[in-house]
Amino acid sequence: MAAQTISSLSSPLQTFSSLRPGVSPSYRFTNFLFYSSLRPSLPFSSVILKPLRAARFRPLAVSAALKNLSESDLVAVPTDPQEVTVNFPSESGVYAVYDNNNDLQFIGISRNIAASVSGHRNSLPELCHYVKVGVVEEPDRSALTQAWKSWMEEHLRTTGNVPPGNQSGNSTWVPARQPATPRKKPDLRLTPGRHVQLTVPLEDLIHRLVKENRVVAFIKGSRSAPLCGFSQRVVGILESQEVDYESVDVLDEEYNYGLRETLKRYSNWPTFPQVFVDGELVGGCDILTSMHEKGELADLLKK
């Protein structure tokens with residue numbers, strides 16, 4: 001006989017700041033375990049009920065997330081940061097910040113309301129005097145957004161205005177996002193691996209590389225982490241020129257095995273880094289630095 005489990009579910013109860021009449025008890029999952037049988041008269045073998053957990057009480061500053069903004073308690077923000085964590089919950093929810101004239105300045109959502117209120121109080125003490133709070137019991141992104149939206153829509157219906165801190169372009173309460181740092185191009189690999197037999201001589205691969213790419217820098221290490229000061233200087237110069245270039249790590253013995261000695265013979269240049277432009281060797285760090293300082297490198301790259 002196969003065991004099966006059926007779960008019955010009813011909606012959970014919001015926890016309020018204080019007990020109020022007319023609130024029904026919380027419901028939980030109840031599991032019914034029974035065994036199926038070909039005999040229809042066989043009753044359930046057992047019923048397993050999980051006990052209810054005691055309701056949790058929250059600080060007085062907490063109101064239900066779906067409670068109207070106008071009905072939520074206005075709580076003064078203490079000047080002592082330690083008292084903020086006592087008066088406000090460290091849970092997820094929506095909050096509204098008022099100045100000393102009781103004018104709404106900002107409506108926000110947070111994964112830690114107490115930390116957000118404390119941060120606003122420290123950075124904007126003249127605007128953060130009172131706060132209304134609504135804790136969201138199941139704080140996924142959708143629930144938090146819906147709670148914020150309900151308070152914002154209520155304020156718009158009442159005043160017709162968006163709070164100053166929520167207006168487009170205002171970064172007083174929420175700092176503007178910095179543009180993401182563009183990822184640097186990966187370094188090129190000349191071979192699929194040192195244990196793979198090449199069908200083309202390595203010198204031919206070098207020749208094809210410098211002819212098919214306008215600027216190529218053979219350096220020690222990668223462009224994101226050069227392994228010598230000269231290579232770091234060359235990478236910095238090319239980056240400052242904002243030129244599109246390819247880089248090859250001559251120390252990579254796995255994918256560029258034998259490159260250092262072969263490149264020395266190809267370019268007839270004994271040291272690294274080596275920079276090629278339009279298929280021709282320009283030079284190493286000293287030459288590139290001199291050309292950069294005189295403006296000659298910029299002129300070369302503009303051609």
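1. A charge sits over a ring if NZ of Lys or CZ of Arg is within 6 Å of the ring centre and within 35 degrees of the ring normal. With that in hand, look at Arg223: its charged end sits over the ring of Tyr245, 4.0 Å from the ring's centre. Another case to find on screen is Arg189, whose charged end lies over the ring of Tyr255 at 3.8 Å from the centre. Please keep in mind as you read that this is a predicted model.

2. Now for the overall picture. The chain is built with eight helices and eleven strands. Of its 303 residues, 36% are buried. Among contacts with a separation of 6 or more, 64% are between residues 24 or more positions apart.

3. Which of its residues are buried? They are Leu144, Ala147, Trp151, Met152, Glu154 and His155. These cover an arc of only 155° around the axis, so they lie on the same side of helix 3.

4. The face turned away from the buried side carries the exposed residues Arg141, Ser142 and Arg157. What covers the buried residues of this helix? The cover includes strand 5 (93-98), strand 6 (104-110) and strand 7 (130-135). After helix 3 comes Gly160, with a positive phi near 80°.

5. Setting aside neighbours within four places in sequence, His155 is in contact with Leu69, Leu104, Gly160, Asn161 and Pro163. Gly160 is the residue that follows helix 3.

6. Next, the aromatic rings. The count comes to four aromatic pairs. In one of them, the ring centres of Phe218 and Phe276 are 5.7 Å apart and the planes stand at 80°, so the pair is edge-to-face; the cut-off for that label is over 60 degrees. The pair links distant parts of the chain, since Phe218 is in strand 8 (residues 215-219) and Phe276 in strand 10 (residues 274-277), 58 residues apart. Both Phe218 and Phe276 are buried. Elsewhere, Tyr95, Phe106 and Trp173 form one aromatic cluster.

7. Last, the cysteines. How many disulfides are there? The count is zero. Take Cys285 as an example: the closest cysteine sulfur is in Cys228, 7.9 Å away, which is too far for a bond, because a disulfide needs the sulfur atoms within 2.5 Å. Cys285 is buried, at 9% relative accessibility. Cys128 is buried too, with a relative accessible area of 0%.

How values were computed
Residues numbered from 1 in each chain as written. Predicted model: local features only at pLDDT ≥ 70, side-chain atom pairs only at ≥ 80, totals over all residues. Heavy atoms only, no water. Buried < 20%, exposed > 50% of the residue type's maximum accessible area, 1.4 Å probe, protein only. Helix = DSSP H or I, 4+ residues; strand = E, 2+ residues; numbered from the N terminus. Arc of directions from axis to C-beta. Contact = heavy atoms within 4.5 Å. Phe/Tyr/Trp six-rings, centres within 6.5 Å; stacked < 30°, edge-to-face > 60°.
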